Amino acid sequence: MSFKKIPNFRNSFTSKLRRRTSSFILASSIAVATIAVAGLTESPVKAVPTARGELIAQRTISSAGQFNAYAGEKIQFQVVSCELLSTSCKSKVGTALDNLQAGDVLTISEGSAITYNLVWSAEFGSSSNPTYDYTYNTNTYTVPNPVPDRLRVNTNGTQFLSIETDGARTLSPTLKRNGQTVAPLSTSDPLLSVDVSANIGAVNGGSSRDVSQYTSRVGDTGVSYFADVCVDMSMVQPGDEISWSYAFSGGTTRYSPSYYWTAQLGGEYPGNLIPDPEPSNLKGTFNLPFVVTPGTTYTFSLDVKKGSNSIAFEMAPGDYSCSATAPTTTTTTTTTTTTTTTTTTTVPVTTTTTPAVTTTVPATTTTVPATTTTTPAVTTTVPPPALATVQALPVAPTPIVADATISTGEEITISFGGFTPFEFVQLIVASTPQVIGSGYADAQGVVTLQGNLPSNLASGNHTLAVFAPVSGVGFTQPITVSQPLLPGTGSDSQNNLFVIAMLLFVLGIVVRRTSTVITNK
């Protein structure tokens with residue numbers, strides 16, 4: 001008598017359940033890995049070309065100190081004297097400053113009730129190795145004892161007048177000695193010269209606004225276009241070469257554009273190679289001066305590129321250091337894996353296919369009717385000043401950095417005023433002077449610089465300085481240098497995702513093998 005073998009329904013059911021569980025676990029491991037990879041393939045959305053920044057128009061000023069001003073502008077002006085005690089300046093003042101005595105009072109007065117914040121710069125000793133004394137933010141200077149060998153007076157940075165209505169304005173500073181007029185303003189043979197410019201739209205627009213277009217006005221003698229742009233650091237790595245690209249239409253430039261970065265890049269100044277280590281953020285400022293004809297409209301745009309690819313994004317309002325990251329969209333790459341499984345059972349296999357979802361983001365094309373020019377790296381290197389020059393600089397009236405204890409390799413970001421607008425300024429560390437950052441002062445004479453303290457700097461006392469090589473203006477602050485602590489180690493969230501994916505994959509394989517063994521019994 002023959003008997004049919006009764007199938008082991010318990011083992012068959014268990015095998016099917018484990019096989020389904022195995023498939024689910026393997027699919028989960030692929031999904032987790034895909035999410036992790038997607039996090040690594042994030043691509044930025046750009047807002048370029050950009051044209052945010054400032055427009056500065058230089059204005060004609062008459063011998064009587066009159067100039068045109070228009071509603072919404074912020075007039076910027078400077079008063080600068082000749083070297084008051086020099087032979088060349090004597091031809092302008094006659095004998096009015098002869099036999100200057102200790103205790104004499106010199107005053108800059110203004111008939112239009114404008115108060116100037118002045119700096120009186122006194123020099124003592126030989127011109128080749130002088131000592132300096134500065135008197136800040138006062139229209140009045142009392143001559144010290146001993147009497148200076150050389151003396152100048154100028155505004156402490158740029159002064160401002162906010163303009164609400166169109167019309168002519170007047171600036172008429174006059175130099176007096178003990179209440180007696182020495183000389184008034186004269187543009188033809190200046191004792192005191194006044195430089196006037198207009199920050200277009202600055203009253204309501206702030207210092208970073210859309211300056212992509214400007215129609216020049218009566219009294220303009222030239223316009224400078226200052227634009228800021230941020231570099232997407234996720235798109236560059238140490239050693240990458242980057243370059244500026246700009247478009248300008250409507251006129252001709254006065255001279256070649258200039259630019260600078262908030263961090264010190266490799267290559268000849270101002271640099272075009274991403275350093276190692278790379279900065280956490282990077283802002284570039286671009287300056288294009290051009291000739292104007294009243295009534296003519298000019299347009300601008302700006303970009304930063306790596307090769308032919310844009311790597312710039314527009315600086316967010318109020319974010320003057322590009323600390324915000326570029327807005328991003330996630331591009332997910334879907335990988336399809338086909339697995340062929342051979343078994344000896346007749347259990348039907350159900351396959352579920354999930355189609356990949358593809359999202360297409362249409363590209364936005366901006367056409368600028370202009371000639372695009374890529375600027376090459378500038379090949380001018382400005383060396384650091386001599387140690388004696390740094391030591392002769394005055395101590396900063398306010399700290400250059402809030403924390404005077406700094407570790408080697410640490411990134412330093414400073415913002416400091418008192419410079420001539422748009423002049424070149426260096427950030428220096430000494431004992432042996434080294435330039436760790438450089439850039440240009442803005443329209444207010446304030447410079448923002450960034451650099452890393454050299455890693456080979458010895459521990460102990462050193463000097464941090466900001467210095468303008470052309471004007472000789474600079475300030476120092478004593479600092480204490482220490483060696484950094486070793487950083488802690490750990491894994492980030494993406495590493496954790498990869499670990500989870502691997503564990504799920506291994507678990508899936510184990511469950512599938514177990515189910516196969518049970519099925520074959």
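This is a predicted model: local features need pLDDT of at least 70, side-chain atom pairs count only at pLDDT 80 or more; totals for chains, interfaces and linings use all residues.

Visitor: How many helices and strands does the protein have?
Guide: There are five helices and 32 strands. The protein has 521 residues, of which 40% count as buried. The accessible surface comes to about 27400 Å², and 55% of that belongs to carbon and sulfur atoms.

Visitor: Why is the pair Arg59 and Glu73 called a salt bridge?
Guide: The term asks for a side-chain nitrogen of Lys or Arg within 4 Å of a carboxyl oxygen of Asp or Glu. Between Arg59 and Glu73 the distance from N to O is 2.6 Å, so the pair meets the rule. By this rule there are six salt bridges.

Visitor: What makes Arg59 and Glu73 a link between parts of the chain?
Guide: Arg59 belongs to strand S2 (residues 52–59), while Glu73 sits in the loop between strand S3 (66–69) and strand S4 (74–81); the two are 14 residues apart in sequence, so the pair ties those parts together.

Visitor: Are Arg59 and Glu73 buried or exposed?
Guide: Buried means under 20% relative accessible area. Arg59 has 5%, so it counts as buried. Glu73 has 0%, so Glu73 counts as buried too.

Visitor: Which residue forms a salt bridge with Glu73, with the closest N and O atoms 2.7 Å apart?
Guide: That residue is Arg217. This pair links distant parts of the chain, since Arg217 is in the loop between strand S16 (213–215) and strand S17 (220–231), 144 residues from Glu73. At 26% relative accessibility Arg217 counts as partly exposed, because that value falls between the cut-offs of 20% and 50%. Arg59, Glu73, Arg217 and Asp220 are linked in a network of salt bridges.

Visitor: How do you know that Lys306 and Asp240 form a salt bridge?
Guide: Their closest N and O atoms are 3.3 Å apart, and the limit is 4 Å, so the pair qualifies. Lys306 lies in strand S21 (residues 297–306) and Asp240 in the loop between S17 and strand S18 (243–249), 66 residues apart. Lys306, at 28% relative accessibility, is partly exposed, whereas Asp240, at 16%, is buried.

Visitor: How many residues does the largest nonpolar core have?
Guide: It has 65 residues, and those with the most contacts inside it include Leu175, Tyr225, Trp261 and Val304. Strand S17 supplies the largest share, five residues. The core draws at least three residues from each of domain 1 (62–195) and domain 2 (203–313).

Visitor: Which residues is Val304 in contact with, leaving aside its neighbours within four places in sequence?
Guide: Among them are Val229, Val231, Ile242, Trp244, Trp261 and Ile311.

Visitor: Why does Leu100 count as buried?
Guide: The cut-off is 20% relative accessible area, and Leu100 has 12%, so Leu100 counts as buried. Leu100 lies in the loop between helix H2 (87–93) and strand S5 (105–110). Not counting residues up to four places away in sequence, Leu100 touches Leu85, Leu106, Val143, Val147 and Arg177. From Leu100 to Pro148 is 48 residues in sequence and 9.2 Å in space, C-alpha to C-alpha.

Note on methods:
Residues are numbered from 1 along each chain as its sequence is written. Side-chain values use heavy atoms; hydrogens and water are left out. Helices (H or I, at least four residues) and strands (E, at least two) are DSSP runs, numbered from the N terminus. Buried means under 20% relative accessible area, exposed over 50%, partly exposed in between (1.4 Å probe, protein chains only). A nonpolar core is a set of buried Ala, Val, Leu, Ile, Met, Phe, Trp, Tyr and Cys residues joined through side-chain atoms within 4.5 Å. Domain bounds come from an automatic or database domain assignment. Contact means heavy atoms within 4.5 Å. Accessible areas come from the Shrake-Rupley method with a 1.4 Å probe; for residues, only the protein chains shown count as cover.
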